[in-house]
Amino acid sequence: MNMKKVNLKKIGVLTSGGDGPGMNAAVRAVVRSAISNGLAVEGIMRGYQGLIDDELIGMDRRSVSGIIGRGGTLLKTARSPEFRKEAGQQKAVSILKKHKIDALVVIGGDGSYLGANDLYKKWGVPTVGLPGTIDNDLYGTDLTIGCNTAINTAVEAIDKIRDTAHSMERIFIIEVMGNRSGYIAMEVALSSGAEDVVVPEAKPDYKTMCARISQGEKRGKVSWIVIVSEGVIKASVLAETITNMTGFETRSVVLGHVQRGGNPCALDRILSTRLGVAAVEELIKGNYGQAIGVIQDKINIIPLADARKRINDIYEERYRLINMLR
Ligand code: F6P
């Protein structure tokens, strides 16, 4: 369905799914660019669930003051099982109508994109999506909002763990987030100088990993760090396997939600700001049902339906370097 261009007066903005550093900067850019273009803006609290529950707040330039550098999302966020059902979507659409919201900017990951696509295709609501997830697992953009900050946060923590690994001559298994994507794990491994990495995109070979650890010890290596992407194997289980196979003391650390928090780095602020402005501009042009990203520094627009779950292709190249440099 290609909808006719709507005479926009008011737009809504929501953040949905896992929060990520940079979401606030994106909301700020959406709100202020919309106002600059003569549009009114409603902020929708708690993602699609807040829309169903009619939790809306009118926004002006001041409502987004001082948030460009703050982590999390001032609009709060949630995952909404109710919105996945037809009745939930119907309710959401009626709330949009009640508040005379002509179009919606959705900031979130693949589940949120699915919702935005449903709103457009099934219910005729003009939507656009911005890639708000730390996982960097969406097509149509080189990088998703929050990913770079999350990588930096993990690397900072691992640098600290390296100090104790080195001092106590231990092996550390460190689990990072990624939601079935090994992107964060691979980039974190390369940038923290980790000795090995386990990602969902490659078959794990723990025997070879252990053989390398033993060879490393013979070469005089005193510490060894393995980054594990969540979901492949629990860090604690891998630590036990390694201790059993090599006899070396091994500890495990799950970095968890620390990776989603903190102030966005400059790269994420710039990305989010550019995307937020582009979202409003596309809605004004009448270009609905689109996912907005940045590829090779240029705004890139693809249909929401094509923007889901990306299989990254960085693994071979990165893994070759990790193997060479350990
Ligand atoms: O999608 C972002 C993400 O942080 C994933 O990396 C992770 O698997 C998931 O969200 C965790 O979700 P929750 O915060 O609901 O536990």
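Domain bounds here come from an automatic or database domain assignment. On that basis the protein chain is divided into domain 1 (10–146 + 264–307) and domain 2 (148–261). The C-alpha centres of domain 1 and domain 2 lie 34 Å apart. Where the domains meet, 15 residues of domain 1 are in contact with 12 residues of domain 2, contact meaning heavy atoms within 4.5 Å.

A word on the source: this is a predicted model, in which local features need pLDDT of at least 70 and side-chain atom pairs count only at pLDDT 80 or more, while totals for chains, interfaces and linings use all residues. Residues are numbered from 1 along each chain as its sequence is written, and side-chain values use heavy atoms, with hydrogens and water left out.

Why does the ligand lie between the two domains? Domain 1 and domain 2 both give residues to the shell around the ligand, so the ligand lies between them. Surrounding the ligand (a heavy atom within 4 Å) are Arg79, Thr133, Ile134, Asp135, Met177, Gly178, Asn179, Glu230, His257 and Arg260.

Let us turn to polar contacts, pairs of N or O atoms within 3.5 Å. An oxygen atom of the ligand is 2.6 Å from an N or O atom in the side chain of aspartate 135. For the side chain of histidine 257, the distance from a ligand oxygen atom to an N or O atom is 2.8 Å. At glycine 178, a polar backbone atom is 3.2 Å from an oxygen atom of the ligand.

Notes
Polar contact = N/O pair within 3.5 Å; in protein donor to acceptor, adjacent residues only side chain to side chain.
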